[in-house]
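Please look over the sequence and the structure below before reading on. The paragraphs that follow go from one chain on its own to the place where two chains meet.

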Amino acid sequence: MGHEHKLEIFRGLVKFNSNIQKIWGVFIFLCLVTAVEVVLGIVKPEFLVHGRFLTMKYLNWIFIILTLVKAYYITWDFMHMRDEKTGLRRAVVWTFVFLICYLIAILLVEADYIFEIYKNNFIKFNF
Amino acid sequence: MEATVSKTGTEGKTWGGGTQPFNVSYGKMMMWFFILSDALTFSGFIASYGFSRFKFIDAWPIADEVFTHVPFLHGVPAPMYYVAFMTLVLIFSSVTMVLAVDAGHKMQQSKVAWYMFFTIIGGGIFVGSQAWEWATFIKGDYGAVETNGGRILQFLDTEGNRVALADFASPIPTDRVTHERKNGVWHYAEPTTRTTYDIAEVQKGFMANENLLIRTQYLDQDGHPIVLSREASIEKLMNDGKFVVEGANLRHNEYGHPLFADFFFFITGFHGFHVFSGVVINVIIFFNVIIGTYERRKSYEMVEKVGLYWHFVDLVWVFVFTFFYLV
């Protein structure tokens, strides 16, 4: 409705003069993030592939976090979520985030369990 | 009788009624909720991809061995580059879309039209690239052998390079006779596609070439596929090899687990369908802009709504890109 745009990104670290300038700024940022992802995906540095945090490779953590960063800036600046009322923002984003957390936790834990069954051929508890 | 309370005491408050608590029009709010539900659908797909992948975590294809092609560059292995290009095209078309929305706020008709036009072109390039990716994936690369248990065996030379079936399979001349009705009505219909070589030809060629090894689809600790010794390779191919697989379809996949192909077709297909419908909607709005519908309406909010949809398509691609090509 209102066409006022919040022109600050990175928690006020960068402030643009106009909406158009902000769009290009966010575009350059998204390109940089994608470039980092692609380079890491091709190079696959050894220490990032071998190191693990919570059973997931560092490299995959980096990919997923960078993806969420990109998703944030697309939603907040391209889709103007930054300019919407708090209520609308929460109605859309929180609903999504909570459901996804459930879904991923349940499906991935269950899949990992099935993997163990296949691997060890041993049923540990009620399958 | 004053039994009915006509005032609730919430007048003038945000949620007291008669106002727009979210400060958006009905259409825009519903576009947001549609996007939310669509996002949940895609999340369901991607999470179930994660389920299948975790289930076969030690036998899942490695994406940058699968998608190594760039148009016009035959035989040059270039993992990721083309899909990175596709990602940039889609992000760039998102930029032109948001510029169109911005121009709409300022009631600049011709600018909106031009930016919408560029957005449509970007969408077209993306869908075309997607089609090319599919075609390349379906056609396949080196070919492989599937075992009785449904595992995939791929071929390497002793230096560790992949070897295509065509490079070593030795043709065995056979006569194929068309089955006619007079010879009996009971017969199985021929499979519609036949592979270039059959399993016997591959086995013969494998025995004749001493430097060939078999790579299984199982990964070792470092995530590299396990390569069998020559003896183990021969034993595996001769005893377990069942038929030749070339390319990928919904049942067989020369790159590894068929579920990988299933999810690839399903998720990128569903996303590609979204891009396609986004392009169609953009074209409709584009013509509305041209004929001045929104000038007369004195509001370009429709551009904003399709813009939301278009950005959403981009948003989904960001996740598809990560979970199919990177992780």
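How many Å separate the centres of domain 1 of chain A and domain 2 of chain A, taken over C-alpha atoms? The separation of these two centres is 25 Å, where domain 1 covers 1–84 and domain 2 covers 85–127 of chain A, with bounds that come from an automatic or database domain assignment. This is a predicted model, in which local features need pLDDT of at least 70 and side-chain atom pairs count only at pLDDT 80 or more, while totals for chains, interfaces and linings use all residues. Residues are numbered from 1 along each chain as its sequence is written, and chains are lettered from A and ligands numbered from 1 in the order in which they are written.

Where the chains meet, chain B contributes 42 residues and chain A contributes 41 residues, two residues being in contact if their C-beta atoms, placed from the backbone, lie within 7 Å. On the side of chain B that touches chain A, the elements giving two or more residues are helix H1 (26–55), helix H3 (81–105) and helix H10 (301–326) of chain B, and H1(B) gives the most, with 13 residues. (Helices are DSSP runs of H or I with at least four residues, numbered from the N terminus.)

The axes of helix H1 (residues 19–43) of chain A and H3(B) come within 10 Å and cross at roughly 170 degrees, the axes being lines fitted to C-alpha atoms over the stretch in contact, with angles from 0 to 180 degrees between N-to-C directions. H1(A) and H3(B) are therefore roughly antiparallel to each other, a term for angles over 145 degrees. Among the residues that meet here are Phe27(A) and Leu30(A) in H1(A), and Ile91(B) and Val95(B) in H3(B).

How values were computed: Angles under 35 degrees count as roughly parallel, over 145 as roughly antiparallel, 65 to 115 as roughly perpendicular and the rest as oblique.
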